[in-house]
Amino acid sequence: MSETTLIFADVETTGTRATRDRITEIVAIKVIDGQVVDRWSSLIYPECKVPAQITQLTGIHDDMLSDAPRFAQIAESLREWLSDGQLVAHNARFDYSFLRNEFKRVGQDYRASLICTLRLSRRIAPQERQHNLKALLNRYGISAVRHHRAGDDVDALWSLWQTWQIEQSGEAWQSLLGDERRYRTLPAHLDSAQLEGLPNGPGVYLFYGHNRLPLYVGKSINLRSRVLGHFQRDHEDDKEMRLAQQVQHVEWEETAGDLGAQLREAQLVKTLMPIMNRQLRKQRKLTTWHWEEAADHPELLNGSALSQPIGGTLYGLFHNAREAKNALRSIAEEQQLCPRVLGLEKGKGRCFANQVGKCRGACNGQETIAEHTQRAQAALKQLQVNVWPWPGSIAIEERSAGATAPAWHVVRQWCYLGSSSSFNKAQTLAESPASFDVDSYRILNRFLRYPEQHGLTVTTL
Ligand SMILES: [Zn+2]
């Protein structure tokens, strides 16, 4: 379906209940790339009497309809005509539900994506209280010859649309339409009012289900587009679909930027354990190779060692000892290092690898230990874990264009201690107890490599 084919439509009916009342008139115009290319207009015999108050309102009376076709007679061609565009209408759910019900009566399942000009109007002029079509036409000085006749209303709606397009900048208009498309797909249990205040800046958001069960925590540099984006793709993604079906409540916290959002996300995932955050969910354990100054081989060390000042050098972050040993073993093989000297293999004297020509012989004196150590450390260099380069705690000042306020994130030995909106308050966080967390380590390591590129300023505390 083309995003640029719009079908402006209006139906007149015998009442307001779509399941029981009937359509008496349908008018629609088809607009492609801003040009009206076709028009559909038909009175419909509703197979019942038109109530007097409806005749008064619309001017449509029984005599006018007696020769008109029944819906069943035009259903096929109308369906074909409507099939390639988005339906634009004022209070679109009304027209849509009448059309759906009429098609249902003839055994057809009609579906369309909707753009509701009533909702658009609320968004364009939230300060106004009246958003019915008549009020809008008055406000914008658009004349409709006979209000409440479908043809005139559709033409007026198209004029209104063009007026809006001219009034709004191209970007604002696209953003309005984008919002309208997103809201159209909002989860059934979620009140759209909850999302009204969603900012376009950075932060974290939390989705809750029934009984405030935490479902999902996410982060973005644009909260609004990210949160709404979840519900746009739900028809094509099972996970998003499950989320959209369960979410009942949304909360968010603004942050000073991307770093603050990532740190807070990792923290919230660990404390709330949302059922749909598999990726960051567990407090992961880590192991690393620690090579002390004078040692001839590295030792495995728990990754929490990273939260303490430590001499020597750390190589690699691994999920477990097996992974760590495999990594070291493959480097040894590549470099013809000695697995026995490296501690990967028990025993004394000449190793098996040397016997098959895969070790240069640090185990039997063919190579000096010093030379072997130098080669091994050079090969491991690529895995070197950044040691904490500051004497103690630091405050990372973050400011970003989209954020409403700056923040100071306090970190010691790669452990995130918390954030504050002022430097003075941040200083009090410096003494907080630290616990090492691999996700925070990875996030901080990435951002602190080139702090200025991320708009960050580091101050030692
Ligand atoms: Zn050897």
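Colleague: Which residues are the protein donors of the zinc ion?

Modeller: This is a predicted model, in which local features need pLDDT of at least 70, side-chain atom pairs count only at pLDDT 80 or more, and totals for chains, interfaces and linings use all residues. Residues are numbered from 1 along each chain as its sequence is written, and side-chain values use heavy atoms, with hydrogens and water left out. Donors are N, O and S atoms within 2.8 Å of the metal (3.2 Å for Na, K and Ca), and since water is not among the atoms, sites may look incomplete. The SG atoms of Cys338, Cys351, Cys359 and Cys363 lie 2.3 to 2.4 Å from the zinc ion and are its protein donors. Along the chain, their spacing is C-x12-C-x7-C-x3-C.

Colleague: What makes the arrangement around the zinc ion tetrahedral?

Modeller: Four donors count as tetrahedral if all angles lie between 85 and 135 degrees. The 4 donor atoms here subtend angles of 106 to 115°, so the arrangement is tetrahedral.

Colleague: Why does Cys351 count as buried?

Modeller: Buried means under 20% relative accessible area (1.4 Å probe, protein chains only). Cys351 has 0% relative accessibility and therefore counts as buried, and Cys359 counts as buried because its value is 7%.

Colleague: Which strands form the open sheet, and in what order?

Modeller: Strands are DSSP runs of E with at least two residues, numbered from the N terminus, and two of them pair if DSSP finds at least two bridges between them. The order is S10-S9-S11, with antiparallel pairing, and 4 bridges join S9 (residues 287-291) to S11.

Methods
Tetrahedral: all angles 85-135°; square planar, octahedral: opposite > 155°, others 65-115°. Buried < 20%, exposed > 50% of the residue type's maximum accessible area, 1.4 Å probe, protein only.
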